[in-house]
Amino acid sequence: MTNEIEQLSCQELVEVVTNYLEGALPDADRLELERHLETCDGCRQYVEQLRTTIVLTGEARPLDLTSEAEDALLAAFRDWKSG
C-alpha cells in the first residue's frame, strides 16, 4: 500500500480498517492510516464508530437478544449487504 500511493484515500482506509483495528497492518501502513485520520474527520468518525461497535458487540451475548432483535439485526445486515 505505502509504495503504490502518495496518500491514503478514504476508500483505501475502509478497505484496511479491520486490519488496523486488529493490529495487523505493517508499521508503515499503520502510520499512513493514522496520518490520514489526523486530517479526515469523516474517517476518524468512521473508525471510532467501528471501535464502539466492537466494544458493544463484544458485550452482547446470544441470550441477551430476543428472537425479534436477532431477526431485525439479520435483516438489517442483509439489506446493507445488498445495497
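Modeller: Helices (H or I, at least four residues) and strands (E, at least two) are DSSP runs, numbered from the N terminus. This is a predicted model, in which local features need pLDDT of at least 70, side-chain atom pairs count only at pLDDT 80 or more, and totals for chains, interfaces and linings use all residues. Residues are numbered from 1 along each chain as its sequence is written, and side-chain values use heavy atoms, with hydrogens and water left out.

Colleague: In which helix do Arg 30 and Glu 34 both lie?

Modeller: Arg 30 and Glu 34 are 4 residues apart, about one turn of the helix. Their side chains meet in a salt bridge, 3.1 Å from N to O; a salt bridge is a side-chain nitrogen of Lys or Arg within 4 Å of a carboxyl oxygen of Asp or Glu. The helix in which both residues lie is H2.

Colleague: Which residues are linked with Arg 30 in a network of salt bridges?

Modeller: Arg 30 forms a salt bridge with Asp 27, the closest N and O atoms being 3.7 Å apart, and another with Glu 34. Asp 27 and Arg 30 are 3 residues apart in helix H2, and therefore about one helical turn separates them. The residues linked with Arg 30 in the network are Asp 27 and Glu 34.

Colleague: Is Asp 27 buried or exposed?

Modeller: Buried means under 20% relative accessible area, exposed over 50%, and partly exposed in between (1.4 Å probe, protein chains only). Arg 30, at 28%, is partly exposed, and Glu 34, at 25%, is partly exposed as well. Asp 27 has a relative accessible area of 53%, so this residue is exposed.

Colleague: What is the N to O distance in the salt bridge of Arg 44 and Asp 41?

Modeller: Arg 44 and Asp 41 are 3 residues apart in helix H3, and so are separated by about one helical turn. Arg 44 counts as partly exposed at 31% relative accessibility, whereas Asp 41 counts as exposed at 56%. Their side chains meet with an N to O distance of 2.0 Å.
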